[in-house]
Amino acid sequence: MTTTAEVENPRADPAVGRAPRPRSGRIRRIGLPYLLLLPALVLELLVHLVPMVIGIVMSFKELTQFYIRDWGTAPWSGVDNYRVSVDFDAPVGEALLHSFLVTVGFTLLSVGLCWLIGTAAAIFMQDAFRGRGLLRALFLVPYALPVYAAVITWVFMFQHDNGLVNHVLHDQLHLTDNPSFWLIGDNSFYALLTVSVWKGWPFAFLIVMAGLQNIPGELYEAAALDGAGMWQQIRRITLPSLGPVNQVLILVLFLWTFNDFNTPFVLFGRAAPEAADLISVHIYQASFVTWNFGTGSAMSVLLLLFLLAVTGVYLAVTSRGRRASRAS
């Protein structure tokens, strides 16, 4: 027999079920994560998005040193800044194209060498041996050092008269007829590439080493029992298993290297040699040396569009490859 209290309180009857939660409590529970993310989103808006929008607006203005005090009063130039930047027959466009090609070659070599050295070091460090922990810590020193301290050290090492590089190559190993100039001329490209690889390969080493932890050791044991050697194990097990890790790693290294400003700026100063004229330093010179901020902003927007296009194509190709491998 059902009592009056049980009828008035449906939760007392198990057949009725639990009473629905109030809508306000559900909204509060769902909205709490977004509320916690709000400070980070506001800071991201202030630090990145707002300057990006201002830079895009500046690219459509004739903003020179005459309007720098009140840049909002600079006259509109439409797409003239973009037309000047991509006119490869004119001096400005020709210099930008040369800088772009230098940056592409530098990025491909730097990313390839960083990945190769980092992957080889990570595979070598997988086997346990005495002193492995100390060696891992030493490998990460270039990545842990502040950029300015590390690059300034290389500046002293590349000095013509008393640098360590010329002392080793010329005085001790006798590989060169005369001490080389590393911070000017064509050798500046190799000096920049050396510093970039030295600074970047520990990051690849760290990421690949973390990815190797997810590969079961039983796969290598089974391959060894089947007669597979070290190179066959790396080719058939290690590299395919590291596919997703390498896809993200290469993309991050590409974006970091292509946009790198600190390394060439500290290594060469405000005027980089022609052989090492990376596009980040070139845009800086176009903006803050010649005081043509409109053209410099247009170059920055073009660089942003190029990186977005490369990233989109890369992600589309890699995702298609993953789907094809899963289907097979």
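Helix H14 is followed by tryptophan 291, whose phi is positive, near 60 degrees. Helices here are DSSP runs of H or I with at least four residues, numbered from the N terminus. Tryptophan 291 is not a glycine. It lies in the loop between H14 and helix H15 (293-327). At 40% relative accessibility, tryptophan 291 is partly exposed. Buried means under 20% relative accessible area, exposed means over 50%, and partly exposed is in between (1.4 Å probe, protein chains only).

Histidine 174 also has a positive phi, about 55 degrees, and is not a glycine. Its place is the loop between helix H8 (164-172) and H9. Histidine 174 is exposed, at 59% relative accessible area.

## About the model

This is a predicted model: local features need pLDDT of at least 70, side-chain atom pairs count only at pLDDT 80 or more, and totals for chains, interfaces and linings use all residues. Residues are numbered from 1 along each chain as its sequence is written, and side-chain values use heavy atoms, leaving out hydrogens and water.

## An enclosed helix

Helix H14 spans residues 279-289. Nine of its 11 residues are buried, so H14 is largely enclosed by the rest of the structure. Among the buried ones are Ile279, His282, Tyr284 and Gln285.

## H9 against H12

Helix H9 (residues 187-212) packs with helix H12 (residues 243-258) at about 160 degrees, their axes 10 Å apart. That makes H9 roughly antiparallel to H12 (over 145 degrees). Axes are lines fitted to C-alpha atoms over the stretch in contact, with angles from 0 to 180 degrees between N-to-C directions.

On the H9 side, the meeting residues include Phe203, Ile207 and Val208. On the H12 side they include Leu249, Leu253 and Trp256. The contact (heavy atoms within 4.5 Å) divides into nine nonpolar, five polar and no charged residues.

## The nonpolar cores

The largest nonpolar core has 41 residues. Such a core is a set of buried Ala, Val, Leu, Ile, Met, Phe, Trp, Tyr and Cys residues joined through side-chain atoms within 4.5 Å. Among those with the most contacts inside it are Phe158, Leu192 and Leu253. Helix H4 (91-124), helix H7 (147-157), H9, H12 and helix H13 (262-268) each give two or more residues. H9 gives the most, with 13.

Leaving aside neighbours within four places in sequence, phenylalanine 158 touches residues including Val165, Trp182 and Leu267. Apart from this core lies another, of nine residues, among them Phe254, Ile279, Met299 and Leu307.

Notes:
Parallel < 35°, antiparallel > 145°, perpendicular 65-115°, else oblique. Nonpolar A, V, L, I, M, F, W, Y, C, P; charged D, E, K, R; others polar.
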